[in-house]
Amino acid sequence: MGSIETEIQDKIATITFYHPSSNSFPGHLLQQLTDELATLSKNNSVNIIVLKSSGNGAFCAGASFDELLSITNLEEGSTFFSGFANVINAMRKCPKLIIGRIHGKAVGGGVGLAAACDYTFATQKSEIKLSEIAIGIGPFVIEPAVSRKIGNIAMSEMALNPTAWKSANWAFEKGLFTELFDSTEELDLRLESYINEISNYNIEALFEMKKVLWEGTQHWDTLLYERAAISGRLVLSSFTKKALEKFKK
C-alpha cells in the first residue's frame, strides 16, 4: 500500500514517501501527499519542507503500473492522472519552500516531483527518464513543471526519446538539480547544513520569494487537469494496455 510520513523538527517538516514498487505512486498515495502538503502549508511552526523517499534504490518510479492497468474508463483515467496534477499544484501553491532530496533514479511522475521542488539535491545515481511515450501516453501533466525548469528543448529531448536515461550531470546542467554530489552521504551532510541555515531566515522573505519563483503559473489550476484528461483518454488505448503488460513483465 505504501506510506506518507511526516516528521517536524526545528521548523523543518520532512515528508517521506514509500511504496514497495520502487517508490511509485498509486492514487491513494498521491491524495495523501496532496493532503499533507495542504496541512503543512497552514502550519505556522513549519518554515521549510523537505521531500524525500525511503530506501537506497529509486527516488520515484512515477505512476503505479498496476493502477494504470486497472483503469477501465475515461473518468477513472482522468481521476488518476489528476492525482499528479493535485500534487504539483499543491507544491506550487504551498507558501513554504520545498527542498527535494533526489537520492536515486526518477522516472515519469518522479521527474515531475523533482521539477516541482524549489531547490533540489541529487547524487550521481539520480538518472532521469520520461518513458510515457513508449507506453502510448505522454508526460502531459508534468510537462509544465519540467519545462519550467529545463526548457522546452531539453523537455522534448527527454519526452521523444523515452527509453534513454539522462545522467544526473545532464539534469544538473539543465537546471533540474540544484546541487549534485558523488554520494548520498555527501548529499545528506550538505542538505542538513542548508536546511538548518535557510529555515532561520526571515520567513516572510522566504514566502515572498516563493511567490516570485512561481509567477505566471496560475493557469495551471486549469491546464494540468486538461492534460490529465488527455492521459486519461490515451491510457485506455489497446496500445497502452499491451505496452503496460509488457513493461510489467
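**Salt bridges and a helix pair**

Modeller: The count comes to 9 salt bridges, a salt bridge being a side-chain nitrogen of Lys or Arg within 4 Å of a carboxyl oxygen of Asp or Glu. This is a predicted model, where local features need pLDDT of at least 70, side-chain atom pairs count only at pLDDT 80 or more, and totals for chains, interfaces and linings use all residues. Residues are numbered from 1 along each chain as its sequence is written, and side-chain values use heavy atoms, with hydrogens and water left out.

Biologist: What makes Asp221 and Arg92 a salt bridge?

Modeller: Their N to O distance is 2.8 Å. The cut-off is 4 Å, so the pair qualifies. Asp221 sits in helix α10 (residues 220-234) and Arg92 in helix α3 (residues 74-93), 129 residues apart. Helices here are DSSP runs of H or I with at least four residues, strands are runs of E with at least two, and both are numbered from the N terminus.

Biologist: Why is Arg92 called buried?

Modeller: Buried means under 20% relative accessible area, exposed over 50%, partly exposed in between (1.4 Å probe, protein chains only). Arg92 has 9%, so Arg92 is buried. Asp221 has 36%, so Asp221 is partly exposed.

Biologist: How do you know that Arg190 and Glu179 form a salt bridge?

Modeller: The closest N and O atoms are 2.9 Å apart. Arg190 lies in helix α8 (residues 184-198) and Glu179 in strand β8 (residues 179-181), so the pair ties together parts 11 residues apart in sequence.

Biologist: Is Glu179 buried or exposed, and why?

Modeller: Buried, because its relative accessible area is 14%. Arg190, at 28%, is partly exposed.

Biologist: Why are α3 and α4 called roughly parallel?

Modeller: Angles under 35 degrees count as roughly parallel, over 145 as roughly antiparallel, 65 to 115 as roughly perpendicular and the rest as oblique. The axes of α3 and helix α4 (residues 109-116) cross at roughly 15 degrees and come within 9 Å. Therefore the two helices are roughly parallel. Axes are lines fitted to C-alpha atoms, for helices over the stretch in contact, with angles from 0 to 180 degrees between N-to-C directions.

Biologist: Which residues meet between α3 and α4?

Modeller: Phe84, Val87, Ile88 and Met91 in α3 meet Gly109, Leu113 and Ala116 in α4. Contact means heavy atoms within 4.5 Å. These residues divide into 6 nonpolar, 1 polar and no charged. Gly counts as polar; Ala, Val, Leu, Ile, Met and Phe are among the nonpolar residues; Asp, Glu, Lys and Arg are charged.
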